[in-house]
Amino acid sequence: MKTQCPKCKAAFHVEDKYVGKSANCPTCGESFIIEPVVEYGVEARQQGAIDATSPPPQPVGVAQAQSTVPPPPPSAPPAEALAAPGVFVSPMPRAKLAIGFLVAAVIISLIAIWSSSLQLDLLTRIAGGEEIPPDVAEANNARETVVGLLSFGIFVTALVLFFCWEYRAYKNLGPLQAPRMRFSPGGSVGWYFCPIVNLWKPVQAMGDIARGSAPPGAQSGGLISALVPLWWLIWIADGVLAHASLRLTVDAESWEEFITATKVDIASSVVSIASYALTACLVWLLASAQVKRWQSLTAAPAIGDDADNPYAGIGG
C-alpha cells in the first residue's frame, strides 16, 4: 500500500497493518497518521472488489444501531515496528536539537571570552599595585560565576544531545547497509567515557558513521571523512585546555598565577568555539547524508525487501 507524508510529500510503501497508526517521516521527521493514497484508476477496481465481497444488507434497525457505535481509536504501532533493528529513523530531529545547543554554546563562549578579558585587565591592574574597590572585585567574581554556570549547563546539554544524535546515526548504519561497523550504537557513545581508549575509539565510531552515510557506491565518506580527524583533534585540544585551565585556577596562589590561568581560560574558550562549530557542521552534514543515502537505497526496492519496515520504499 502507498502512503505519503502530508508535510514534505515523500512517498512510502507500507504494509496494510500500519494503516491508521502514527509514524514519523524519515525525511523531515513530521509525525502523521498512515493513510492509503488512492491512485487514478485504482479506486474503481477496488470498489468493484469490495462490492463483490461485501456482506448482505442488514435490517434498518440493526444498521442504525451499528452506525451509532463509535469506531475504536487507532492504536499506536508496536515499538518493535518502528524501532526494531533494520528500521531507518531520520536523525534530523536530534541533529537540529544538538545543533541548536551547540550554537548556544558558541554564544556563551564568546560571552566567556569577554568576561575573562575584563577579569584579566582587573588582575593586571591589581598585580601592578593598583588599589581596586571591593565592590568592583565582587562584581567581577559574580559575573564570572554566572557565566561559568551558564557555560557548564549549556555544554552538558549540548553534549547529551550530541550523544543522542550519534546513537541514532550509528544505529541507522544497519538499514543503510554500511560496509563496516566496528561498534554497537551504545558502544559508539560509551567509548567517550572509557579512559585511554577514549583517545581513539570515538573517532573510529564517527569514521564508521561517515563511511556508512556516503552515497551508495562511494569508496569513502569523501569530504566528511576528511573532516572527522580535524574535528577530533580540535575536540581533544579543547578537552586538554579546559582541564589545564581548571587546574591552574584551582592551584593559583599569586596574582601572576591567576593571570596565567585567565589567559589559558581565554585560549580554551577560543578552541571551544572552533570545536562547537565544527561539531555542529559535522552533525548536520552526516544527518543530511544519511537521509540522502536512505532515499537512494529505497528509490526502487526489490519485492520483499524490508518486509517489517513501515518506511520501506520511501521515494518510490
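This is a predicted model: local features need pLDDT of at least 70, side-chain atom pairs count only at pLDDT 80 or more; totals for chains, interfaces and linings use all residues.
1. Basis. Local features are taken at pLDDT of at least 70 and side-chain atom pairs at pLDDT 80 or more, while totals for chains, interfaces and linings use all residues. Residues are numbered from 1 along each chain as its sequence is written, and side-chain values use heavy atoms, without hydrogens and water.

2. Overall fold. The protein chain has nine helices and four strands, where helices (H or I, at least four residues) and strands (E, at least two) are DSSP runs numbered from the N terminus. Read from the N terminus, the order is β-β-β-β-α-α-α-α-α-α-α-α-α. Of the contacts between residues at least 6 apart in sequence, 69% join residues at least 24 apart; contact means heavy atoms within 4.5 Å.

3. Burial and surface. The chain has 316 residues, and 36% of them are buried. Buried means under 20% relative accessible area, exposed over 50%, and partly exposed in between, with a 1.4 Å probe and protein chains only. The accessible surface is about 17400 Å², and carbon and sulfur atoms account for 66% of it. Areas come from the Shrake-Rupley method with a 1.4 Å probe; for residues, only the protein chains shown count as cover.

4. Main core. The largest nonpolar core has 47 residues, and those touching the most other members are Phe162, Trp165, Met206, Trp231 and Leu286. Helices H4, H5, H7 (201-212), H8 (223-251) and H9 (255-297) each supply at least two residues of this core, and H9 gives the most, with 13 residues. A core here is a set of buried Ala, Val, Leu, Ile, Met, Phe, Trp, Tyr and Cys residues joined through side-chain atoms within 4.5 Å. Leaving out residues up to four places away in sequence, Trp165 touches Pro91, Arg94, Ala95, Met206, Val283, Leu286 and Ala287.

5. Second core. A separate core holds eight residues, among them Tyr18, Ala23, Cys28 and Phe32.

6. Helix H4. Val103, Ile107, Ile111, Trp114 and Leu118 make a nonpolar surface patch of about 450 Å². Patches take residues with over 30% relative accessible area and no salt bridge, joining like charges within 9 Å and nonpolar side chains (Val, Leu, Ile, Met, Phe, Trp, Tyr) within 5 Å. Leu118 lies in H4 and is partly exposed at 38%. Gly100 is also in H4 (residues 92-127), and its C-alpha atom is 8.5 Å from that of Ala280, 180 residues away along the chain.

7. Glu144. This residue is in H5 (residues 134-171). Glu144 is buried and has no salt bridge, the nearest side chain of opposite charge being Arg143 at 4.4 Å. A salt bridge needs a side-chain nitrogen of Lys or Arg within 4 Å of a carboxyl oxygen of Asp or Glu; Lys and Arg count as positive, Asp and Glu as negative, and His and the chain ends are not counted. Beyond neighbours within four places in sequence, Glu144 is in contact with Ser115, Ser116 and Gln119.

8. Leu241. Located in H8, Leu241 is partly exposed at 25% relative accessibility. Not counting residues up to four places away in sequence, Leu241 touches Val264, Ala267, Ser268 and Val271.

9. Positive phi. Gln177, not a glycine, has a positive phi of about 60°. Gln177 sits in the loop between H5 and H6 (185-190) and is exposed, at 55%. Ile196 has a positive phi near 70°, lies in the loop between H6 and H7, and is exposed at 62%.
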